[in-house]
Amino acid sequence: MSNALFNFELVTPEKVLMSDSVSSVSVSGVEGDMTVLANHAPIATSLRPGYIDINTNGKTERFFLTSGFIQITPDEVVVLAESASLEADLNSEMIDNVIEKTKSLMENASDLQKCVLAKKLNDLTNFRNQL
Amino acid sequence: MPNLKDLKNRIESVKSTRKITKAMQMVAAAKLRKAQEAAEQARPYADKMSLVMDKITSSDNVSSSSPLLTGNGNNNIHLIIIATSERGLCGAFNSSIVRLAKNHINKLKSEGSQFKILTIGKKGREQLKREFGENMIDHVDLSEVKKIAYENASTISDNIISMFLNNEFDVATIFYNQFESVISQVPQAAQLIPIEINSDKIQNINSISNFVYEPDEQEIIEDLLPKAIATKIFTALLENGASEQGARMSAMDNATRNAGDMIDKLTIQFNRSRQAAITNELIEIISGAEAL
């Protein structure tokens, strides 16, 4: 069962970062972390800032996503990430930049959007502190 | 008739112009390849994003929609975003965008709507400044940007969205050149706010699968809408980048060919004048000899 593969795509606005058959993908969704295996029920969720682990036959690749969206169908998983960087390239300065940007966005946002952004800001700050 | 020295100088100067245009053409060709690649690599994200947007907005559970999606109910103040290049010498690239935008503005004027202009790239700004100077509210300078990144687009879109939420305008449209091929770039207008949703696709999407949304559709839409708008701007900027290089390449190709033609003509003229001078001298010598 755990050997079943499914198509996975990690897409950023600038290019397709990864398009491969993988065995599992772990993401941090806004309502909690989850791991996706093959034949998962269709679900779509926003992602909070955090790591995405992509497991292919025991080998794991880890990216950091600042925000994104995952769309899961039984045979395909697509992650739309606003920006993705390898864990090795990650530094706290980068996250600080994102935090600053989110703060400036909040000033003019509508109520519902403020709610979304506040959550994001909170997640980012938490993540920054863990680093 | 210009003397031989002048002709020689002119031929030399046209030759060096040809060298420059030739070099610019080759540089544009190299840049075009990169720009095209960037545009191509960005396509999957844009496609998937619009697919997701179509799907979510067609879902029944979306009750009161965000103003970014449905507009704020007014249609009075239009924001015209004009994306042009930072450098010239690219044929009709900039003027074709400006012409399309002007047509649009004139239509708005005749309908009695107000408009504001935001320019990206200085060439379009220069062309519009005299006529619409008082309508220009902002300018985005990309002259320092070597390769257009998503960051650039998202900064612009964040700006636009916050202006929209402050009720500074009701409808936003972006003007840019769609890259068709090296010799053809089509100026286009795309509406950003309220965002256009492709309704004809929705039918067959719905039948594919019923998604569980987490959190609910409403919140996902709030999260995705700014990204979708940024993506549209990003696509427009990339298309524009490829079009600019394509336009420059063909303009410079033309210039090189024209310079070649001109050199041929001038060379013929030069040879004729030289021949005439020689003939003149011969006549003088012969008639001098006859007189003796």
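**Chains A and B: reasoning from criteria**

Tutor: In this predicted model, chain B has a radius of gyration of 28 Å, whereas a compact globule of 292 residues would have one near 19 Å.

Student: How do you know what radius a compact globule of 292 residues would have?

Tutor: The rule is 2.2 Å times the number of residues to the power 0.38. For 292 residues the rule gives a value near 19 Å, but chain B has 28 Å. The C-alpha trace of chain B spans about 115 × 40 × 30 Å along its principal axes.

Student: What makes a residue of chain B count as buried, and what percentage of the 292 residues do so?

Tutor: A residue is buried if 20 or more other C-beta atoms lie within 10 Å of its own. In chain B, 33% of the 292 residues count as buried.

Student: Which elements make up the secondary structure of chain B, and in what order do they run?

Tutor: Chain B has 7 helices and 6 strands. From the N terminus on, the order is α-α-β-α-β-α-β-α-β-β-α-β-α.

Student: Why are strand 5 of chain A and strand 6 of chain B called paired?

Tutor: Pairing requires at least two bridges between two strands. Strand 5 (residues 43–47) of chain A and strand 6 of chain B are joined by 3 bridges, so they pair, and they run parallel. B:V212 is the bridge partner of A:I43.

Student: How do you know that strand 3 of chain A pairs with strand 4 and with strand 6 of chain A?

Tutor: The criterion of at least two bridges applies again. Strand 3 (residues 24–29) and strand 4 (residues 32–36) of chain A share 5 antiparallel bridges, with A:S26 partnered by A:T35. A hairpin through 2 residues joins these strands. Strand 3 and strand 6 (residues 50–56) of chain A share 3 bridges, also antiparallel, and A:V25 stands opposite A:I54. Both pairings therefore meet the criterion.

Definitions and conventions. Residues numbered from 1 in each chain as written. Chains lettered and ligands numbered in written order. Predicted model: local features only at pLDDT ≥ 70, side-chain atom pairs only at ≥ 80, totals over all residues. Helix = DSSP H or I, 4+ residues; strand = E, 2+ residues; numbered from the N terminus. Buried ≥ 20, exposed ≤ 12 C-beta atoms within 10 Å, placed from the backbone.
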